[in-house]
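My entries follow in the order in which I checked them.

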Amino acid sequence: MTKMTFTFDHLLFLLGFCSMWQRTDGQKLGKPAIWGPSEGVVNTVKEFFCKVDDIPEDMSVLYQFIKEGDPKKTTEYTSLSGEPGKFIIFVRSDHDGRYTCKASGHNNTEVKPSYSDPLRFRVIEEIVSAHITLDPPSEEFWEEESVTLQCNVTGGTYVSYHWLLDNVTVPHHHNRSQNQLTIQSLSTSDSGRYTCVASNQYDDRLFSKSSDFKNVNVKEHVSDPRISFEVVKDGEGIFAAVVKCQSEKGTSPITFTLLKNNDSTAEEPDKDLQANFVVPIQLDRNVGLVQCQARDRTRTVLSKPLNITVESVGGAVTMKVDRTVATGSEVWAVWLRCSVERGTFPEYSWFLNNTRLEEKDSFLHQTNAVFQVVLVPEAAGLYHCEAANAFDNTTRVFSQKWLINKEVIKRVPLTVVIIVFTCFFVVIVAVTACCLYGVVLRKKKARMYNLKEECPEMRRIYDDIINEDEDDEVNVSVYEEDVDIVEASRIEDSDEVEDEQSSIAEEEIDEEKNFLDEETIDGIEDVGQPAIYTSCPASCF
């Protein structure tokens, strides 16, 4: 009895101990939830909250608002009646970061703590100022060089940068990295005033600051110069060539040098990317090769060589119709072209009935060597052109005179008529030749066909004659007939065969005499051997 009582008391003790262990050391709070604003502006007040669901009765919960990486910035709140923990902070720039809520038993270390998911909080600080720096630190650059612009700000967090060139957004093909803008290969289009706009935003409020502008001046490399010249005549009758050197692009200062036969003769600074040089010349004589050299601070380039030879106008002057202008079948205008056989700088004048035409004439549209005549009644008459040196009008040559009016222009030119009839005659001759050739070829083929038909018959006759001769020889040797009788018989047979062969040969000669060669008739060498005609080709036999 005593043993059973002892056992029961021990069992009660163990049950009580286990019950007490579950209520304290083995208890764990659920995962807390944290909420609050995701961002705030410096020097403002923000509130955050944390709460655990299903808190055991008669348990106080300690909430701690902890900043990751900086445990010193921890705020605590004790919930005695199950209300959520509340944390109030006065926002400073160092409050930016991630926060976690820790929930544990208040004054009860036996309750296991739990942690919430992190909450990101951004601190927005207004921008105080912005300015641009250049790398390399210069405002002068050459084409194809590179430059990096950096926008530096005072104050400000979570800043975005916007670049402007002459108050227009910079193209997006340039490299951007945070607060830097890099232009890899500069061109003249990149020249201008650059401005950086730094900004950040809180809710609907936008904070921004613009930097002062920064100049970037991109210089162009001088391009290959073009060389040209014109001829002038001074008051004393001396001619000179004014050589013009001009580059399409480049940045001053540029120095132009004139080279004559590879030797420097003169040097001039540029004026609007060009320079002029005066070279004395004589007409119809070769001065030599000249070149332009252009030089800036980075490189030197040359033009193509030019041979200066000025030829005076001379030789024949021709005038022709360049083209006509028509509406449907009605020709209402004509373009005339004038050209001279020789002359480097010809200048043309036009005359109607020996009166010089001017551009003010309503029916005339002149462009030096070519001009348009509107076919109106007052424009009809005799036209001719005159060529002279553009730099000296003392030498003049004239073209022949042409009658120009509507009737003449509508008339078909004699050259066209000759060409058309010549082509027609050539076609007729070609067709006639083809027809004649076809008739002759057809007749020749027909004769060849008849010859092929007759050759087998002649071959048969020839074989019969040979066989008959062999039979006659056998009869002579075996039977030894009387010589006179045999001779008479063979002569008789030979005459018959000869008559037959002669008749056949005469028919062949008449039919084939235009395209076959005649051959002689071979007689019989021995008595009694008949003659054979060989008018057939060798292939027959």
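I first looked up Cys 50 and found that a disulfide (a pair of cysteine sulfur atoms within 2.5 Å) joins Cys 50 to Cys 101, with 1.7 Å from S to S. The torsion about this S-S bond is -100 degrees, and the link is left-handed. Cys 50 lies in strand S3 and Cys 101 in strand S7 (residues 97-105), 51 residues apart; strands here are DSSP runs of E with at least two residues, numbered from the N terminus. Both cysteines of this pair, Cys 50 and Cys 101, are buried, where buried means under 20% relative accessible area, exposed over 50% and partly exposed in between, with a 1.4 Å probe and protein chains only.

I note that this is a predicted model, in which local features need pLDDT of at least 70 and side-chain atom pairs count only at pLDDT 80 or more, while totals for chains, interfaces and linings use all residues. Residues are numbered from 1 along each chain as its sequence is written, and side-chain values use heavy atoms, with hydrogens and water left out.

I then went through other cysteines, the count of disulfides being four. Cys 338 and Cys 385 form one of them, with sulfur atoms 2.0 Å apart, and at 70 degrees about the S-S bond this link is right-handed. Cys 338 sits in strand S29 (residues 330-342) and Cys 385 in strand S34 (residues 381-389), 47 residues apart. Cys 338 is buried at 2% relative accessibility, and Cys 385 is buried at 0%. Cys 434, by contrast, is in no disulfide, and the nearest cysteine sulfur, that of Cys 435, is 6.9 Å away; Cys 434 counts as exposed at 56% relative accessibility.

Next I turned to the aromatic rings, where rings of Phe, Tyr and Trp (its six-membered ring) pair if their centres lie within 6.5 Å, and planes under 30 degrees apart count as stacked, over 60 as edge-to-face and the rest as tilted. The count comes to nine aromatic pairs. Trp 35 and Phe 49 are stacked, at 5.7 Å centre to centre and 20 degrees between the planes. Trp 35 lies in strand S1 (residues 33-35) and Phe 49 in strand S3 (residues 45-51), so this pair ties together parts that are 14 residues apart in sequence. Phe 48 and Phe 121 are edge-to-face instead, at 5.3 Å and 85 degrees, and both are buried. I also found Phe 48 and Phe 121 in one aromatic cluster with Phe 65, Phe 87 and Tyr 99.

Notes
Helices (H or I, at least four residues) and strands (E, at least two) are DSSP runs, numbered from the N terminus.
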